[in-house]
Structure formats: C-alpha cells, structure tokens
Amino acid sequence: MKKILPGLLSLMLALAFVGCGNTETPVSEESSSVSSEAVSSESSESVEAVVSSETEAGSEETEETTETTGVMSFAEYEAAELDTEVTVETYVQAKQSWWDNKATVYGQSEEGAIFMYNMVCSEEDYEKLLPGTKIRVNGFKSAWEGEVEIIDATFEILEGNFIAQATDVTALLGTEELIAHQNEFVSFKDMTIVAKKDKDDNDAAFLYNWDGSGSEGNDLYFDAAVGDAVYSFTVESYLYGPGTDVYETVKTLNIGDVVDMEGFLYWYQGANPHITSVTVK
C-alpha cells in the first residue's frame, strides 16, 4: 500500500501539470494572434495616412506652381486688356537696344510675336539674349501709337530654342489683315524702290530720319512700291546701325531697284516695318 499510494500521487500530480500546460498554450497563441492583427492594422493605417498626406501635398504643390507661374498662351495675351499684368514665354529674335539696365527685344514663338520695351536687364544678361533664347517675361501690356508691347517687365532665361522663319506678307500690304502679324519676322518680295523727297525737295532713294534731317548713324527711311501702292520702310539704327549689311546696302540703293526684304513688322500709326535685310535683284 505504501508503494501504490505514492505512485498514485505522482500520477495525479503529472496529470495536473499536463492540464495546466494545455490550458496556458491556447491563451498564449490567441494573445499573440490578436497582437499581430492589431499591429498589422495600425501599420496599414499609418501607410495609408502617409500616402494620402504625400498625395495631397503633391497636389497642393502642383496647384501652387501653376498659380505661381501663371504663364499665358499667346491667345490669352492677345485677349488681355491693356494696362493689365501679363506673363508670357517667348524666344528672342533680335535685340534692339540696351541702356541704363533696360533692354528692348523682339520675341516670337510658334504662336505669335511680342515686342518687349525696356525690360529690366543687366548688361551681363543682355549678352546672354542670343537669337533663339527662350525667356519668361512678366510685365504690363501696353500700346503706343498702335504698337502693342510689354513694358515695365522683368524676365528669366529658360531652356529652349526657336528661330522664326520670315512670313511673306507682301500681299497683305494695305489691308486690315496685316496687323495680325504685328511684330512678327516677315518678308516683302519684288518691291520697287521709289523716290522720297529730301528737305531740299530733291528725289532720293533713302533719307536719314523720316524728313531727311539726320545724318550718318540715324535711322534710314525709304519707300518701295508694289504696283501703284507705295509703302514706307525703316532701318532702325539701334537695331542695325552703321556698318551692318542692311544699313550699308540701303545707302547704295537707287530709284527703280527691285528688292526683297526681311524685317520685323513694327507699328507706328500704321505699319512701320523695321528692315533687317535687303537684297537687290
């Protein structure tokens, strides 16, 4: 009996320990599972929050960038009221002048042409404005004697390059359609040089200044005809002065010469093309 009782007691104790072990294991696994699911849920929510935050931030940044630049298409620029602020992107075609940290520039893109008068510009930056250079310009749309332009402007140089080809507008001379090409790089074909009267009422192929009152270094004025219609043209000395091909060629013109010309369709109380090249035929 002494040997059986201790055996029974040992067996009962063993069963008790086994029972305790079985009871603890499921509790531990359940707790681990619940903890893992909670962590997974929290991590997923955190990732979604970060993605959502980044998306919203990116969207806000894009909207802010668009609003900040405010670049107009050429059509929007044309539709803008005078004396309103405008921002456009264009390409330098020619530099007319620089003084007192201000630059006057002809610009043109595939959409249309813009004249920029007295933009704020250092001499160093002026040297960078080579033909074809892309710039973003912010200023005010204005008009003077029919010439629509941007004044009080600043600019920045951008990546890009474009050189405009001359558009033949000979057939549009004297028509209302010509003004649609204002400030563009244009050409005139088969024009005949006709006489202008100088200050002494003598015939001349060209004059220094519009009335003949100037001298070497001033603008050159000359007339050319298509049929019976006569039109006036100018070599702007700030744009192409003494020593340039066009300035020297015009000085050698004779009445009756037939010429092809290229230049910018500036406007002053009507068409006043600033000629950049003349070819005698």
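Modeller: Happy to! The largest nonpolar core holds 25 residues, and F188, F222, V250, M261, I275 and V278 touch the most other members. A nonpolar core is a set of buried Ala, Val, Leu, Ile, Met, Phe, Trp, Tyr and Cys residues joined through side-chain atoms within 4.5 Å; buried means under 20% relative accessible area, with a 1.4 Å probe and protein chains only. Among the elements that give two or more residues to this core are strand 7 (185-194), helix 4 (245-251) and strand 14 (274-280). Helices (H or I, at least four residues) and strands (E, at least two) are DSSP runs, numbered from the N terminus. Strand 7 gives the most, with four residues.

A word on the model: it is predicted, so local features need pLDDT of at least 70 and side-chain atom pairs 80 or more, while totals for chains, interfaces and linings use all residues. Residues are numbered from 1 along each chain as its sequence is written, and side-chain values use heavy atoms, leaving out hydrogens and water.

Now the rings. The whole structure has 12 aromatic pairs, meaning Phe, Tyr or Trp rings (for Trp, the six-membered one) with centres within 6.5 Å; planes under 30 degrees apart are stacked, over 60 edge-to-face and the rest tilted. F115 and Y266 pair edge-to-face, at 5.4 Å centre to centre and 70 degrees between the planes. Because F115 lies in strand 3 (residues 113-120) and Y266 in the loop between strand 13 and strand 14, this pair ties together parts 151 residues apart in sequence.

Key:
Buried means under 20% relative accessible area, exposed over 50%, partly exposed in between (1.4 Å probe, protein chains only).
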